[in-house]
Amino acid sequence: MKSSDFLISTVKEAPNDAQIISHQLMIRAGLISKLASGLYSYLPIGLKIIQKVEKIVREEMNKSKALELLMPIAHPAELWQESKRWEEYGPELLRFKDRHDRDFCFGPTHEEVITNIAKQYLRSYKQLPINFYQIQTKFRDEIRPRFGVMRSREFIMKDAYSFHIDEKSLDETYKVMYQTYCNIFDRIGFNYRAVLADSGAIGGESSHEFHVLADSGEDAICFSDSSDFSANIERTETLPQGEPNAPSKNLELIETPGVKTIADVCNLLNVKPTSSIKTLIVESEDDSLIALVLRGDHELNEVKASKIQGIKQPLQMTDEEKVLKKLGCSFGSIGVVNLNIPIIVDYSAACMSDFVCGANEDDKHYIGVNWGRDTKDIIASDLRNVVSGDPSPDGKGKIEIKRGIEVGHIFQLGTKYSDSMNANVIGEDGRAVNMNMGCYGIGVTRIIAASIEQSHDDRGIIFPEAIAPFELVIVPINYNKSSRVQELANQLYQDCQEKNIDVLLDDRKERPGIMFADSELLGIPHRFVLSDTHADNGKIEYKSRKSSDKIEVDYKEAVSFILDQFD
RNA sequence: CGGGGCGUAGCGCAGUCUGGUAGCGCACUUGACUGGGGGUCAAGUGGUCGCAAGUUCAAAUCUUGCCGUCCCGACCA
């Protein structure tokens, strides 16, 4: 490709709505263009990168024997009603009506459609296992799109769905997909980790997420410092702790005017947050209230809480008005003494003694509170997020926490969809069996942002070769004036193309500084510079985007040299 | 959904308080010089100041409403 035939739309200043580095660089390098909140056009150079990612994904998926197909973006409501997700999915499901007033939605994921296909075309266990995939645009009406294509409303995803006669077969394919994902992310050149994950709204049993490690990541990933345990914080368990110490203080009611927060209480009473508890009120399945209790310095883990029996799903915090009406106090004053609703206490709060809590009366707190003596019976449970230094759930070592960007997620769905949509095949014994399903996603567009987050410098993007918009850029100095330079550059360009190198010849009538800056901003991994001096001495200058060293290479050896540089 | 900010040329911004000829930088066009790190000079192109209504002789500027967009929050009581 010659620059003069291409669109290089780099800019010096990014629009001020770009917050994170990958978003800024994608705009500055001219990869994407914003159309509306959470909606981006992919400009030619951005699309070129997407296509490289897609090619890797396709090759590895095909190698795993998965079959590519393509499903519609618009889905009829009936399908989603059949799986119950028309009601369950919530406002992220963008719904609309056609001219006949029939309900539709934009597909945020395709379990319903693929199950419908499986139902029609899979009749016998002999056709199983089978794994279908597509690379296609998804739409999720995010509550708050941000960070460019990292959390956009429309995005490109590779989604695969496998069908099995039994769990064993599902397990086998799950392992194949796990390996396939490792192959894909290895080829892209990521520093990534596979971690145990919660299966979220899609539902199901076993699940792993693939995270690119980056400080800007939205997810917290927990690792053991002495085993290979790794999991999303959402599903990293905390372990039960010992029995509380015997009470040493009497229960005492104290005036705490205007005090609402844990920090305020602790300041006023001169105690540590670790000696206080906080009481959160959530809705139960039968629309009454349940109290969740945490140590003052801990955070509620909503995923854990919503899995506790009796708690309404999805987890719903009770609003302050209702708390005031039913418990007689506002949020900051709820406590566990004389609290006549079920009390579920996090393990690390359940082992406390002589602690501080609200008095269920505004402007008052209790001190010297002890479980049992001062409260009704409680249920101890795992409710909180782990914190750095907690013991690892596998009993080996301590937890460290890092940030990750989720680029892939694999699930074992079991028979959730085949049950609700009645997708069965005839088994060996002649009886109909609902198929086991697996589902496997990769965020194609997010991969690009993640790659940039992980690899950039103050000049711009540093793309790995595998997904760079071009592998090599040739920067001729004075191309438009020096016929010698022009000749040499054209010849080199042609030689590279013959070797299938994805090369960009920057033949613009620009000053060298601009061409250097652009190629660095775009993150092209390899660069040749050619000038009249080189024409004189038969040399050419090479520089890698990753290093600051410039190397002189014989012009005649240039093509074989560059092939040697490739990974 | 709650709170806040912003909306003026493709991008970044000033002008708004105190109403009176719409500006700057970058980019873009043409020419000259320059030619190994976003160069210099000169001359240009480009804006119904987010939309609508109102106040006024006069509105980018004041008032009201709406729309868009970004940030924070929407468990940490």
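A polar contact here is a pair of N or O atoms within 3.5 Å; within protein, one must be able to donate a hydrogen and the other to accept it, and residues adjacent in sequence count only if both atoms are side-chain atoms. The model is predicted: local features need pLDDT of at least 70, side-chain atom pairs count only at pLDDT 80 or more, and totals for chains, interfaces and linings use all residues. Residues are numbered from 1 along each chain as its sequence is written, chains are lettered from A and ligands numbered from 1 in the order written, and side-chain values use heavy atoms, without hydrogens and water.

View 1. A polar backbone atom of Leu300 lies 3.3 Å from a base nitrogen. In the side chain of Ser531, an N or O atom is 3.0 Å from a base oxygen.

**View 2. Residues around RNA strand B.** Of the RNA atoms within 4 Å of the protein, 44% belong to sugar and phosphate.

**View 3. Helix H14 at the RNA surface.** H14 (512-522) is one of the elements that supply at least two residues (helices are DSSP runs of H or I, at least four residues, numbered from the N terminus). H14 gives the most, with 7 residues.

Methods
A residue is near a molecule or strand if one of its heavy atoms lies within 4 Å of it.
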